2 protein chains.
Amino acid sequence: MPTTINDQCAIVGVGQTEFSKNSGRSELQLTLECTKAAIEDAGLPLSDVDGMVTLSIDGSDEIAVMRGFGTKELQFFSRVPHGIGGIMGMVHQAVMAITTGMCKTVLVYRAINGRTARQPQPTDAGGPLSTDHIHWSWYNPYGFSNPVSWAAMYTQRYMHEYGASSDSLAEIAMTMRKHAQNNPNAIFQQPMTKEEYDASPMVTDPLRKADVGLDLDGGCAFVITSIDRAKDLRQPPAIIRAAAQGSAGDQEGMTSFYRDNITRMTEYDLVAQQCYEMSGLKADDIDVAMLYDMYTSAVLFQLESYGFCKPGEAHEFVKGGALGVDGRLPCNTNGGQLGEGHIQGVNNLLEAVRLIRGTSVNQPKKSDHVLATSGFAVPTSAVILGKSS
Amino acid sequence: MPTTINDQCAIVGVGQTEFSKNSGRSELQLTLECTKAAIEDAGLPLSDVDGMVTLSIDGSDEIAVMRGFGTKELQFFSRVPHGIGGIMGMVHQAVMAITTGMCKTVLVYRAINGRTARQPQPTDAGGPLSTDHIHWSWYNPYGFSNPVSWAAMYTQRYMHEYGASSDSLAEIAMTMRKHAQNNPNAIFQQPMTKEEYDASPMVTDPLRKADVGLDLDGGCAFVITSIDRAKDLRQPPAIIRAAAQGSAGDQEGMTSFYRDNITRMTEYDLVAQQCYEMSGLKADDIDVAMLYDMYTSAVLFQLESYGFCKPGEAHEFVKGGALGVDGRLPCNTNGGQLGEGHIQGVNNLLEAVRLIRGTSVNQPKKSDHVLATSGFAVPTSAVILGKSS
């Protein structure tokens, strides 16, 4: 029985829409635009697509996408749950399906009008009372009701425990803005000074407006196939060295506050461990890290879980430009969610592919192995991409 | 690269709640009851469970189930979309994950208060306008707005095209009721005569109330692991010989009426083809068929797609007790959705395992290979189970 998925598949096509404050069109339209671009980028005939994956929260059904293209048949379709934590989990799904021969070519997509469409609220989904509704009933009535407030809770504790100051958060915010300036897709084209960071209004202490990414409209898509098929295609393949999911003890969706220690994200630990075991790589081998950065502090937690520094040391690690293009660990070279904008992290996967291809607007000297991670404080996922040997 | 999933995994534990018209408890409670029963049936320690799968429409989050049990970690979790069509797709997911080493033991579950809870309606889900909303806007305003009406459309055309009469539908309904009489779990404990069938009120011509299963409260769960681990466990393993998904051209969710021919379900054809190729079996090798039967006519379509008879011949095939315990093709020995009750077809998978174990209340002489299928007129799925060699 096979026991691994590493080095079996590759991302061979990528596509995106523009990222904007108002797309002016439906999420299905955005989906069809980015998926069409990804298929064209791969140079595959549309008829080769026989699998599709998106998030469980995505509004564009596989069968609507099929009809949009006239796709004849799908032999594989699945959804990854737990919202933004599932972004790299979509790749995990695709690789499992291809490796086991369930299908040959998978289209992975995620498109949202994240800024202009009304978003589902924890308490207003139709249907029977779900565990999700019950869960939120413990938080919402107390005004503890939005992702920034939950992220702030972990951040406050981390800073208290390790003596971290807001300087480390500022450093991350400023670095991402700097990267965004070279990126024509980025929503933030202006740099941020320390003074501007300090003057940014507090949302939930210690997180300021400048610590939080901006929800945007847009979509990204990816074509994934076997490494054998990848050889003959138009683009250099981004080999999937590892892909993993993880949900850890006392896991809640954003609010795992009943754990003994909330200065560490054990779900990130679990995903990191699997990715390194699967790929045979270690943190030192990662050349560029695409870390989910809707909140500046999320980067601190991931630097520790993914082994780039020891517990409590990330706030020192990031200082002095460590995450810059020429730093110790180039990070989010597209500007990430804080600079390019929040497309729920799927745009960080797209940048990871560009880094492997050597086409980032902020291409570091070395990018043989790129880590890309997903949502913070939820059941999560990650991938490691590599170059063709 | 591995290219198959057949004969790699087995269902080693099953559990269920009672099936009732009013469970009197939450869906999470039902989920925990049937999953606990499945784990105990398998004889595995709870800590062995490191993966979970359910439907995208299920209201009981994996992380709520984890907390319910105190499960430490999950390395795999996914959701199968397209409602009831995804039931056997949950097995497909589990087998891919185990075969590729992503996890060792998967808990598959589906529990609903299908009768007593308010069900999500196509037009009232929270969140942005999805393709699903847009789709239904073409049907709902014209009163063409419930599953029986959509199923009736295909049935009417089939009967017209092939000269089928309601006698064949009555035969299916009466057979399922007969099977249910031996089954203490079944909601229908009384037989149905032809006179009673004929007197049953018409819902949407040609489907009568007697042609439609009854939505119930309840849940079923399954423990799936590798065949190696299955060897040492408490129950005889139900080997997964094949598992497949399919969505075909011009696919809609229940309303694929723009196809050239609506007397055939091409998504069933696609799933059948994959299951037979994967297992090396053919229709003649199937000893018992657990066919999704929320509508009597769904059985006719599946008998043809899964190769038990030729196009247009199923309505003759079913006559004279062919689907009975001693018939040519014993079918839905638990009474199916029409007799045991509608638990969205997941109870048919449970009966398939019982048939392999030899513990059905209507055990046919031979049950070496059992086919179990999923939802009608939607992207769908199926499995073939077999005995350990």
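The model is predicted. Chain B and chain A bury about 5,100 Å² between them, and a rotation of 180 degrees superposes chain B on chain A.

- The contact draws 64 residues from chain B and 64 residues from chain A.
- Of the area of about 5,100 Å² that the two chains bury, 62% lies on carbon and sulfur atoms.
- Between chain B and chain A there are 16 residue pairs in polar contact, with both residues at pLDDT 80 or more, whereas the count of salt bridges is zero.
- Several elements of chain B give two or more residues to the side that touches chain A, among them helix H1 (27–42), helix H2 (62–69), strand E3 (76–80), strand E8 (238–246) and helix H9 (266–279).
- H3(B) contributes the most to this side, with six residues.
- Sorted by class, the side of chain B that touches chain A comprises 24 nonpolar, 29 polar and 11 charged residues.

**Relation between the copies**

- Chain B is superposed on chain A by a rotation of 180 degrees with 0.0 Å of shift along the axis, at an RMSD of 0.0 Å.
- The two copies are therefore related as by a two-fold rotation axis.
- The same surface serves both copies, and 100% of the contact residues of chain B recur in chain A.

**B:Gln251**

- B:Gln251 lies in the loop between E8 and H9 of chain B and is buried, with a relative accessible area of 1%.
- Its side chain reaches the backbone nitrogen of B:Ala248 at 3.1 Å.
- The side chains of B:Gln251 and B:Arg259 are joined by a polar contact of 3.4 Å.
- Not counting residues up to four places away in sequence, B:Gln251 touches A:Ile63 and A:Arg67 of chain A, as well as residues of chain B including B:Ser256, B:Glu267, B:Ala377, B:Val378 and B:Pro379.

**B:Thr333**

- B:Thr333 is located in the loop between helix H11 (314–317) and helix H12 (336–339) of chain B.
- B:Thr333 is buried, with a relative accessible area of 0%.
- A polar contact of 2.6 Å links the side chain of B:Thr333 to the side chain of B:Glu351.
- Neighbours within four places in sequence aside, the residues in contact with B:Thr333 include B:His179, B:Val288, B:Met290, B:Leu355, B:Ser360, B:Asn362 and B:Pro364.

Notes: Residues numbered from 1 in each chain as written. Chains lettered and ligands numbered in written order. Predicted model: local features only at pLDDT ≥ 70, side-chain atom pairs only at ≥ 80, totals over all residues. Heavy atoms only, no water. Contact = heavy atoms within 4.5 Å. Buried area = accessible area lost by both parts, 1.4 Å probe. Salt bridge = Lys/Arg side-chain N within 4 Å of Asp/Glu carboxyl O. Polar contact = N/O pair within 3.5 Å; in protein donor to acceptor, adjacent residues only side chain to side chain. Helix = DSSP H or I, 4+ residues; strand = E, 2+ residues; numbered from the N terminus. Nonpolar A, V, L, I, M, F, W, Y, C, P; charged D, E, K, R; others polar. Least-squares fit on C-alpha atoms with pLDDT ≥ 70 in both. Buried < 20%, exposed > 50% of the residue type's maximum accessible area, 1.4 Å probe, protein only.
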